[in-house]
2 protein chains.
Amino acid sequence: MPPNIEPTAVFKSLSDPTRRALFERLCLEGELTVHALTGRAGVSQPAVSKHLSSLRGAGLVRDRREGRETYYCAQPRALAPMLDWIGFYSAFWDHRMGRLESLLARMDV
Amino acid sequence: MPPNIEPTAVFKSLSDPTRRALFERLCLEGELTVHALTGRAGVSQPAVSKHLSSLRGAGLVRDRREGRETYYCAQPRALAPMLDWIGFYSAFWDHRMGRLESLLARMDV
DNA sequence: ACAACTCATAACCATCTGGTTATGGTTTGT
DNA sequence: ACAAACCATAACCAGATGGTTATGAGTTGT
């Protein structure tokens, strides 16, 4: 059966380079404050806040308030709907691409 | 090292439900004309044509002119940049998610 | 020859998006 | 107490986006 959960929000949120860069930093460096994220973001602090809101809307990040700072961390589980979608249609690509191997070759690092 | 190819176009193109539905039909049913795709798309023929242009821009579909009809087919190879991106960052999720297993459980059908 | 079909493009429109500056609430340091 | 720091929200703006109808170019069938 086809994927059950709507992956639109995840795709949309990750389709912006600035937003993807924020998510990447949170993946690589762990929990970070808005201030720290604004550092190398290349956009203003309010822009960063809005991007983080978008990511939170898609479930891709979680925030934790601590004093005057807000720590954000990545929630890779939120990628599930997107992975489901890819996985389902991969079943129809496999017979042209050589089973899951080519996919796994890319997935594994 | 981080992924080398920009996955923005792929993410962006797949972030629209109508566009994703077109890509899905092409994956499941193979080569189809614009007329056939317009059938169940829920939008007008020009809208379908524009969506197909967007998908072609991302390399996700290929078109073949035959008389007055244009056949489109899916190009799943174009997903590579997106898979690269997922794969690279999965290395950093693994130690929290239990290696590739959870990922593969979703990828395999 | 000509009507009908297929498709892409043009022109247009409303809404969404991604950015900015301004501001205000809360918390921290002095 | 008060200034400074951190962050979210408001207000605003230009450009992108996704839809429409109208049209025209090319192809097919009669």
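This is a predicted model: local features need pLDDT of at least 70, side-chain atom pairs count only at pLDDT 80 or more; totals for chains, interfaces and linings use all residues.
View 1. In soluble globular proteins, nonpolar side chains tend to be buried together.

**View 2. The surroundings of Phe23(B).** Once neighbours within four places in sequence are set aside, Phe23(B) is in contact with Leu14(B), Leu55(B), Leu60(B), Val61(B) and Ala74(B).

**View 3. The open sheet of chain B.** Three strands line up here in the order S1-S3-S2, with antiparallel pairing. Strands S1 (32-33) and S2 (61-66) of chain B each have a single partner strand and stand at the edges, so one side of each lacks a neighbour in the sheet. Helix H2 of chain B (residues 17-29) packs on this sheet and touches S1, S2 and S3 of chain B. The direction of H2 makes about 85 degrees with that of S3(B).

**View 4. The pairing of S2(B) with S3(B).** Look along the antiparallel pair formed by S2(B) and strand S3 (residues 69-74) of chain B, and you will find six bridges. Arg65(B), for one, has Thr70(B) in S3(B) as its bridge partner.

**View 5. Chain A, end to end.** Six helices and three strands make up the elements of chain A, running α-α-β-α-α-β-β-α-α from the N terminus. Of the 109 residues in chain A, 32% are buried. Among contacts in chain A with a separation of 6 or more, 58% link residues 24 or more positions apart.

How values were computed. Residues are numbered from 1 along each chain as its sequence is written. Chains are lettered from A and ligands numbered from 1 in the order in which they are written. Helices (H or I, at least four residues) and strands (E, at least two) are DSSP runs, numbered from the N terminus. A residue is buried if 20 or more other C-beta atoms lie within 10 Å of its own, exposed if 12 or fewer, and partly exposed in between; C-beta atoms are placed from the backbone. Two residues are in contact if their C-beta atoms, placed from the backbone, lie within 7 Å. Two strands pair if DSSP finds at least two bridges between them. Axes are lines fitted to C-alpha atoms, for helices over the stretch in contact, and angles run from 0 to 180 degrees between N-to-C directions.
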